[in-house]
Amino acid sequence: MTTFRALVVSESPDGTYHLHLAERAIADLSDGDVLIRVHYSSLNYKDALSATGNKGVTRHYPHTPGVDAAGVVESSQSEAFQVGDEVLVTGFDLGMNTAGGFGEYIRVPHSWVIPCPAPLSLFESMAYGTAGLTAALCIHKLQHNGITPDRGSIIVTGATGGVGSLAIALLAKLGYRVLAVTGKPDSRQYLLDLGAADILSRDTVNDTSGKPLLKGQYAGAIDTVGGTILATVLKSLSYGGAVAACGLVNSSELVTTVYPFILRGVSLLGVDSAECDRSLRLELWHKLATEWKLDCLTSLTTEISLSDVPETIQTMLSGRITGRIVVNVGDRSL
Ligand code: NDP
């Protein structure tokens with residue numbers, strides 16, 4: 001096999017971007033000591049940004065997005081991995097400026113690769129993907145800041161999205177009372193089934209009054225959207241509360257005062273899954289595969305083919321995704 005199938009984003013002279021299936025050469029892949037035959041990838045918000053020309057994510061086109069990949073080692077110059085090993089890669093530069101998981105092969109440094117954590121299948125590992133690792137990191141940070149289930153409710157924004165859905169299900173499994181914030185009124189039953197105790201409309205968590213503090217009613221939060229919603233969450237946390245902030249779907253801006261921090265001792269915890277330390281990454285993947293393993297993982301996941309990706313990206317950019325999307329890269333009959 002010297003060529004393979006991949007989704008490629010091309011930049012037109014008029015500044016528009018087009019996503020299309022193409023044949024690519026293995027010889028053209030980035031440098032790296034592990035070549036992986038990709039079976040599954042998944043769709044994350046960053047892929048939608050890369051696929052539509054966001055230069056903060058991807059500087060040079062043509063390019064193959066896909067920040068996640070799970071598959072089998074095809075060749076390895078690293079002693080850490082042998083031909084035939086089931087492995088996964090999430091984050092680092094994969095799918096940003098390194099050809100990503102929306103192609104049948106990736107080549108990466110061994111330091112990006114981790115063994116697929118037993119007993120997860122390759123499919124299940126991508127049902128979690130970057131979204132699952134991010135949700136787990138958010139929970140890890142809340143736990144390490146003393147936010148235990150007995151402290152009170154945890155609010156999760158962007159609730160029906162990939163990170164939001166997994167965060168709700170994981171928090172509920174760990175015994176937290178979860179309030180889900182959504183812009184989709186018809187998703188109530190979906191969110192209750194994930195384990196949410198109650199559903200809040202996005203509008204009710206979007207305070208524009210200019211008040212520096214609101215009633216302190218949540219012990220913690222996982223925010224995937226940023227902007228005034230994150231600012232509202234900060235001023236609605238109770239004394240000693242903490243918010244793990246990981247996203248910007250609403251806005252990358254954050255306008256706040258210092259009052260939540262200096263009058264209520266609130267903590268704003270930054271979360272980045274892409275460069276997350278390897279030992280923590282392995283620890284959290286092990287938890288996702290074992291004691292934190294979700295029974296609902298498959299039911300909240302939709303499987304699509306590579307050719308479905310362009311349309312699904314538009315759905316994601318318009319905020320209409322529910323749950324996780326796994327991309328079946330390996331099955332050419334799809
Ligand atoms: P999804 O597209 O799956 O989910 C986003 C959800 O946000 C939507 O389903 C919707 O949920 C809500 N939403 C959409 N538009 C708006 C809006 N304008 N205002 C408020 N809420 C909105 O994305 P992901 O879950 O993959 O990612 C979520 C965010 O987290 C992204 O910004 C992504 O870049 C970031 N992220 C960060 C990571 C990190 O390491 N820091 C890793 C992974 C993701 P609902 O209708 O229920 O409100």
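1. Proline 119 lies in the loop between strand 7 (114–115) and helix 2. Helices (H or I, at least four residues) and strands (E, at least two) are DSSP runs, numbered from the N terminus. A cis peptide bond joins alanine 118 to proline 119, with omega about 5°.

2. A word on the basis. This is a predicted model: local features need pLDDT of at least 70, side-chain atom pairs count only at pLDDT 80 or more, and totals for chains, interfaces and linings use all residues. Residues are numbered from 1 along each chain as its sequence is written, and side-chain values use heavy atoms, with hydrogens and water left out.

3. Two further backbone points. Tyrosine 61 and proline 62 are joined by a cis peptide bond, omega about 0°. Proline 62 is in the loop between helix 1 and strand 4 (68–76). Phenylalanine 92 has a phi near 50°, positive in a residue other than glycine. Its place is the loop between strand 5 (86–90) and strand 6 (105–108). Most residues other than glycine have a negative phi, and most peptide bonds are trans.

4. Check the oxygen atoms of the ligand. A polar side-chain atom of threonine 160 lies 2.8 Å from one. A backbone N or O atom of glycine 162 lies 2.9 Å from an oxygen atom of the ligand. For isoleucine 321, a polar backbone atom is 3.2 Å from a ligand oxygen. The protein covers 89% of the 910 Å² of accessible area that the ligand has on its own (Shrake-Rupley method, 1.4 Å probe).

5. The ligand sits in the largest pocket, meaning that more than half of its atoms lie within 2 Å of the grid points. A pocket is an open set of points on a 1 Å grid over the protein atoms alone, with protein on both sides within 12 Å along at least five of seven lines; lining residues have an atom within 4 Å of a point. The volume is about 970 Å³, taken as the space filled by probe spheres set on the points. Of the 43 lining residues, the closest to the centre are Tyr45, Val163, Thr224, Gly247 and Val249. The lining divides into 19 nonpolar, 18 polar and 6 charged residues.

6. The second largest pocket has a volume of about 210 Å³. Of its 15 lining residues, Asp207, Ala231, Lys235, Val255 and Thr256 are the closest to its centre. The lining has 4 nonpolar, 7 polar and 4 charged residues.

Key
Polar contact = N/O pair within 3.5 Å; in protein donor to acceptor, adjacent residues only side chain to side chain. 1 Å grid on protein atoms, 1.4 Å probe; cavity = no way out; pocket = protein on both sides within 12 Å on 5 of 7 lines; lining within 4 Å. Nonpolar A, V, L, I, M, F, W, Y, C, P; charged D, E, K, R; others polar.
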